[in-house]
Amino acid sequence: MDKPIIEVRNLVKQFSLGSQVVNAVDDVSFTIQAGEIVSIVGPSGSGKSTLLGLIGGLDTATAGTIAIDGIEISQMKEKELTRIRNEKIGFVFQFFNLIPTLTALENVALPIQFARTPQFNPTQRSQELLTRLELDDRLYHRPQQLSGGQQQRVAIARALANNPPLLLTDEPTGNLNTEAGELVMSTLRRARDDFGTTVVIVTHDPDIAAQTDRSLHLVDGRLV
Ligand SMILES: Nc1ncnc2c1ncn2[C@@H]1O[C@H](COP(=O)(O)OP(=O)(O)OP(=O)(O)O)[C@@H](O)[C@H]1O
Ligand SMILES: [Mg+2]
């Protein structure tokens with residue numbers, strides 16, 4: 001078997017608010033192989049976004065270990081983590097996080113311009129990805145001038161911009177109708193088929209989960 005791209009062991013994330021302790025992620029272990037498309041499902045508040053943030057090195061665990069492509073990240077310093085994130089991981093957040101003053105084209109081009117060793121021409125690559133997501137008639141719109149579903153697709157194009165080996169997505173179809181959701185899923189599958197991209201999809205939607213290779217079910221921070 002191939003080396004796993006994600007290896008999570010006994011992961012715990014606690015949040016303390018006053019005297020209340022929430023075990024958002026509670027002793028979770030799993031592995032994901034390169035090229036898999038895996039969904040994380042479970043009720044609201046079950047720890048899906050928290051788990052995704054830990055895998056992506058956006059937050060630090062209370063206990064346990066996470067290895068990305070064989071590299072242990074749970075004890076890393078911020079500077080090292082930033083490098084791993086930039087080189088290996090594309091993110092699609094639940095609330096898009098697009099830069100409001102930039103056009104769709106510029107939002108997608110930005111991470112390519114920031115890459116240490118750019119593989120693509122920023123404008124050309126950005127245009128190609130946005131066209132694939134049927135946004136070629138919205139290249140010069142700013143986020144505010146786009147619908148929620150269009151902003152979400154821009155965020156997906158941006159996450160794919162540098163062709164990362166690992167794509168972490170939080171509700172990537174959450175604001176989309178069925179047709180636009182299909183477009184996003186086919187774009188993610190194409191990234192996997194063409195480049196071997198590993199894709200993790202947090203979703204509430206059973207139809208989306210059914211299109212992934214397998215699902216991890218979270219309830220109250222635990223895998224069931
Ligand atoms: N910064 C925080 N401080 C305290 N509690 C938090 C914090 N972030 C999350 N939590 C708690 O951790 C639990 C898991 O939250 P999380 O956002 O991971 O859920 P989720 O499964 O992504 O939910 P949703 O489907 O609604 O997005 C929740 O009970 C939440 O209230
Ligand atoms: Mg969430």
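**Ground rules**

I worked from a predicted model, in which local features need pLDDT of at least 70 and side-chain atom pairs count only at pLDDT 80 or more, while totals for chains, interfaces and linings use all residues. Residues are numbered from 1 along each chain as its sequence is written, and chains are lettered from A and ligands numbered from 1 in the order in which they are written.

**Entry 1: helix α6**

Helix α6 has 18 residues and spans 25 Å from its first C-alpha to its last, close to the 26 Å expected at 1.5 Å a residue (the expected span being 1.5 Å times one less than the number of residues).

I then asked which residues of α6 are buried, where buried means 20 or more other C-beta atoms within 10 Å of a residue's own, exposed means 12 or fewer, and partly exposed is in between, with C-beta atoms placed from the backbone. I found G181, V184, M185, L188 and A191. Seen down the axis of α6, these buried residues fall within an arc of 115°, so they line one face of the helix (the arc is that of the directions from the helix axis to the C-beta atoms). I noted beside this that an α-helix has 3.6 residues a turn, so residues three or four places apart point the same way. On the other side of α6, I found T178, E179, D193 and D194 exposed.

For what covers the buried residues of α6, I list β3 (37-41), α5, β7 (166-170), β8 (198-202) and α7 (206-210) among the elements included, with contact taken as C-beta atoms, placed from the backbone, within 7 Å. Just after α6, I noted that G196 takes a positive phi of about 70°.

**Entry 2: α5 against α6**

I looked up the axes of α5 (residues 148-160) and α6 (residues 178-195), which come within 11 Å and cross at roughly 5°; axes are lines fitted to C-alpha atoms, for helices over the stretch in contact, and angles run from 0 to 180 degrees between N-to-C directions. That makes α5 roughly parallel to α6, the classes being roughly parallel under 35 degrees, roughly antiparallel over 145, roughly perpendicular from 65 to 115 and oblique for the rest.

From α5, the residues G149, R153, I156 and L160 meet A180, V184, T187 and A191 of α6. By class, I recorded five nonpolar, two polar and one charged residues in this contact, where Ala, Val, Leu, Ile, Met, Phe, Trp, Tyr, Cys and Pro count as nonpolar, Asp, Glu, Lys and Arg as charged, and the others, Gly among them, as polar.

**Entry 3: I37 in β3**

I next followed I37, which lies in strand β3 and counts as buried because 20 C-beta neighbours are inside 10 Å. Leaving aside neighbours within four places in sequence, I found I37 in contact with L188, R189, R192, V199, I201, T212 and D213. I also noted that the C-alpha atoms of I37 and S215 are separated by 9.0 Å, although the two residues are 178 residues apart along the chain.

**Entry 4: α3 and S126**

In helix α3 (residues 104-114), I found A104, L105, N107, V108, A109 and I112 buried, and these residues pack against α4 (122-132) and α5. From α4 I picked S126, which is buried, with 27 other C-beta atoms within 10 Å. Not counting residues up to four places away in sequence, S126 touches L105, V108, A109 and A161, and the C-alpha atoms of S126 and L105, 21 residues apart along the chain, are separated by 5.8 Å.

**Entry 5: positive phi**

I noted first that most residues other than glycine have a negative phi. E134, in the loop between α4 and α5, has a positive phi near 55° and counts as partly exposed with 14 C-beta neighbours inside 10 Å. N163, in the loop between α5 and β7, has a positive phi of about 55° although it is not a glycine, and counts as partly exposed with 17 C-beta neighbours inside 10 Å.

Definitions and conventions: Helix = DSSP H or I, 4+ residues; strand = E, 2+ residues; numbered from the N terminus. Contact = placed C-beta atoms within 7 Å.
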